[in-house]
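Trainee: Can we go through this model together, term by term? I'd like to hear what stands behind each label.

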Amino acid sequence: MGLLELFLIAVGLSMDAFAVSVCKGLSVRTLKAKHAVICGLYFGGFQLLMPLIGFALGVRFQSLITSIDHWIAFILLSLIGINMIRESGGEAENLDACFTFKAMLPLAVATSIDALAVGVTFAFLKGSDHSGSELIGITTVVISCAGVLIGNRFGAKYKSKAEIAGGIVLILMGVKILLEHTILA
């Protein structure tokens with residue numbers, strides 16, 4: 001998997017964190033730099049950690065499902081993408097302005113579950129390793145920080161569009177993996 005493909009996956013995965021960061025930015029009356037940094041570190045940290053966990057799980061089962069690994073990658077990425085698109089039309093999340101551990105931890109876990117599945121996918125791809133986790137984490141830090149600032153300044157205008165774009169990117173990456181291992185092989 002190339003750097004561009006990995007970056008596109010990182011951006012797609014970070015869209016959930018972006019959407020929640022926009023909502024957190026909306027909830028803050030007086031925005032401080034620490035608000036953006038807190039969101040960035042929580043969301044980026046979990047987006048870095050979850051693919052590592054998924055990769056470790058995937059490696060354990062890789063030998064059992066090598067013949068269908070491209071189908072698993074396609075299905076996981078497509079389901080994640082479809083779910084992101086489906087959720088984009090829902091009600092805006094109503095988050096409070098609390099940035100404590102108790103408030104941020106569940107949000108960070110919830111927005112990074114899809115990264116766990118992507119980590120499993122990394123384990124099944126030939127020539128792939130867990131090094132993409134760092135790029136996913138860094139990308140999410142930057143996008144989450146931007147989301148807080150955008151949410152505070154512009155409101156929820158970009159939340160659903162970001163989730164739709166992220167979902168489309170993940171579906172397209174799943175289709176690309178499937179094509180590379182079937183028709184284009």
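**Labels and their cut-offs**

Mentor: Start here: a polar atom in the side chain of glutamate 5 sits 2.7 Å from the backbone nitrogen of glycine 2. Before going on, keep in mind that this is a predicted model, with local features needing pLDDT of at least 70 and side-chain atom pairs counting only at pLDDT 80 or more, while totals for chains, interfaces and linings use all residues. Residues are numbered from 1 along each chain as its sequence is written, and side-chain values use heavy atoms, leaving out hydrogens and water.

Trainee: What makes a pair of atoms a polar contact?

Mentor: The two must be N or O atoms within 3.5 Å; within protein, one must be able to donate a hydrogen and the other to accept it, and residues adjacent in sequence count only if both atoms are side-chain atoms. The 2.7 Å between glycine 2 and glutamate 5 falls inside that limit.

Trainee: Where is glutamate 5, and why is it called buried?

Mentor: Glutamate 5 belongs to helix H1. Buried means under 20% relative accessible area, exposed means over 50%, and partly exposed is in between (1.4 Å probe, protein chains only). Glutamate 5 has 18%, so it counts as buried.

Trainee: Which residues does glutamate 5 touch, not counting those up to four places away in sequence?

Mentor: Met173, Lys176 and Glu180. Touching here means contact, that is, heavy atoms within 4.5 Å.

Trainee: And what makes something a helix with a number?

Mentor: Helices are DSSP runs of H or I with at least four residues, strands are runs of E with at least two, and the numbering starts from the N terminus. Helix H1, for instance, covers residues 3-27, and helix H5 covers residues 132-154.

Trainee: How do H1 and H5 meet?

Mentor: Their axes come within 7 Å and cross at roughly 35 degrees. An axis is a line fitted to C-alpha atoms, for helices over the stretch in contact, and the angle, from 0 to 180 degrees, is taken between N-to-C directions. H1 goes past H5 in a right-handed crossing. In that contact, 16 residues are nonpolar, 10 are polar and none is charged.

Trainee: How do you know which class a residue goes in?

Mentor: Ala, Val, Leu, Ile, Met, Phe, Trp, Tyr, Cys and Pro are nonpolar; Asp, Glu, Lys and Arg are charged; the others, Gly among them, are polar.

Trainee: What makes a crossing right-handed or left-handed?

Mentor: Look at how the near helix is turned from the far one by less than a right angle: anticlockwise is left-handed, clockwise is right-handed.

Trainee: Let's look at H5. Why is threonine 139 called buried?

Mentor: Its relative accessible area is 7%, so threonine 139 lands under the cut-off. This H5 residue touches Phe7, Ala10, Val11 and Ser14, leaving aside residues up to four places away in sequence.

Trainee: What about isoleucine 136 – buried or exposed?

Mentor: Isoleucine 136 is buried, because its relative accessibility is 0%. It is also in H5, and its C-alpha atom is 9.4 Å from that of glycine 12, 124 residues apart along the chain.

Trainee: How do you know where asparagine 152 falls: buried, partly exposed or exposed?

Mentor: Asparagine 152 has 27%, which is between 20% and 50%, so it is partly exposed.

Trainee: Now H1 and helix H4. What makes the pair roughly parallel or roughly antiparallel?

Mentor: Under 35 degrees counts as roughly parallel, over 145 as roughly antiparallel, 65 to 115 as roughly perpendicular, and the rest as oblique. H1 and H4 (residues 101-124) pack at about 165 degrees, with axes 10 Å apart. Since that is over the cut-off, they are roughly antiparallel. By class, their contact has 10 nonpolar, 1 polar and 3 charged residues.

Trainee: And H1 with helix H2: how are they arranged?

Mentor: H1 and H2 (residues 33-61) pack at about 160 degrees, with axes 11 Å apart, and are therefore roughly antiparallel too. Leu13, Ser14, Ala17, Val20, Ser21 and Lys24 of H1 meet Cys39, Phe43 and Gln47 of H2. That contact has 5 nonpolar, 3 polar and 1 charged residues.
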